[in-house]
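Keep the picture open while you go through the points.

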Amino acid sequence: TLYYVTGSNYNRLFEYMKEPSLYVFFRVLVPGAMAYVAINQPEKREEVIRWFKELLDYYLQNTDKPEVFDSNLAGMIMNELIYIEARELLPDIEALYNTGLVDLFPCGDYDEVETEINYPVSRLSDYTLLDIYERYKLVGS
């Protein structure tokens, strides 16, 4: 839903990700929406990669501020970067992991993330866009 209502207002999504003290499980929806953009609009992949790079840089600069940086969120963002095979961001991902603050539960340590990005298993079906009728069918099953 966030993917559909946001359009191309990625700056607004970025500002939302920077707001302090937000509930992590609301915030995690934004990187998922950005992953949808990269997968379903490949012509915007570069823009999405830049968005994620800025986000990782921002979190790296704020690891000492728990109202901004959240270890769980950082770990969940890694899942989205795996899905979009963000090889360009491996140095940034590694830098964030090197802080020792990324939650390992969502997708493991840096070596596991690097392997998943470099040797992907097809996961694109998880990001297939569904119309409202298809969504309701899935919810009802």
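In which helix do K53 and D57 both lie, and how many residues apart are they? Both sit in helix α5, which covers residues 45-61, and they are 4 residues apart, or about one turn of the helix. Before we go on, keep in mind that this is a predicted model.

**Salt bridges**

- The structure holds 6 salt bridges, and here are some of them.
- Start with the pair from the opening question: the side chains of K53 and D57 meet in a salt bridge, at 3.5 Å from N to O.
- K53 also has a salt bridge with D92, at 2.8 Å from N to O. This pair ties together distant parts of the chain, with K53 in helix α5 and D92 in helix α7, 39 residues apart.
- How open are these residues to the outside? K53 has 35% relative accessibility, so it counts as partly exposed.
- D57 is partly exposed too, because its relative accessible area is 27%.
- D92 comes out as buried, because its relative accessibility is 12% and the cut-off for buried is under 20%.
- Another salt bridge joins the side chains of R87 and E85, at 3.9 Å from N to O. Salt bridges that share partners also link K53, D57 and D92 into one network.
- R87 has 37% relative accessibility, so it counts as partly exposed. E85 is in the partly exposed class as well, because its value is 28%.

**Helix α4**

- Does the length of helix α4 agree or disagree with what you'd expect from its residues? The helix runs over residues 29-40, and at 1.5 Å a residue its 12 residues should span 16 Å. Its end C-alpha atoms are 16 Å apart, so the two values agree.
- Is α4 largely enclosed or largely open? Count its buried residues: 10 of the 12 are buried, so the helix is largely enclosed by the rest of the structure.
- If you want to find those buried residues in the picture, look for V30, P31, G32, A33, M34, A35, Y36, V37, A38 and I39.

**Surface patches**

- E94 sits in helix α7, which covers residues 90-97. With 34% relative accessibility, E94 counts as partly exposed, because that value falls between the 20% and 50% cut-offs.
- There's a nonpolar patch as well, formed by Y23, F25 and F26. Together these residues have about 360 Å² of accessible area.
- Y23 is in the loop between α2 (10-18) and α3 (24-27). Its relative accessibility is 48%, so Y23 counts as partly exposed.

**Positive phi angles**

- S21 has a positive phi of about 65 degrees, although it isn't a glycine.
- You'll find S21 in the loop between α2 and α3. S21 is exposed, because its relative accessible area is 59% and exposed means over 50%.
- The place of E85 is the loop between α6 (71-83) and α7.

**Pairs apart along the chain**

- How many Å separate the C-alpha atoms of V24 and E67? They are 10 Å apart, while the two residues are 43 residues apart along the chain.
- V24 belongs to helix α3. Its relative accessibility is 9%, so V24 counts as buried.
- G7 and V37 are 30 residues apart along the chain, and their C-alpha atoms are separated by 9.4 Å.
- G7 is in the loop between α1 (2-6) and α2. At 40% relative accessibility, G7 counts as partly exposed, whereas V37 is one of the buried residues of α4.

Notes:
Residues are numbered from 1 along each chain as its sequence is written. This is a predicted model: local features need pLDDT of at least 70, side-chain atom pairs count only at pLDDT 80 or more; totals for chains, interfaces and linings use all residues. Side-chain values use heavy atoms; hydrogens and water are left out. Helices (H or I, at least four residues) and strands (E, at least two) are DSSP runs, numbered from the N terminus. Buried means under 20% relative accessible area, exposed over 50%, partly exposed in between (1.4 Å probe, protein chains only). The expected span of a helix is 1.5 Å times one less than its number of residues. Patches are made of residues with over 30% relative accessible area and no salt bridge: like charges are joined within 9 Å, nonpolar side chains (Val, Leu, Ile, Met, Phe, Trp, Tyr) within 5 Å. Accessible areas come from the Shrake-Rupley method with a 1.4 Å probe; for residues, only the protein chains shown count as cover. A salt bridge is a side-chain nitrogen of Lys or Arg within 4 Å of a carboxyl oxygen of Asp or Glu.
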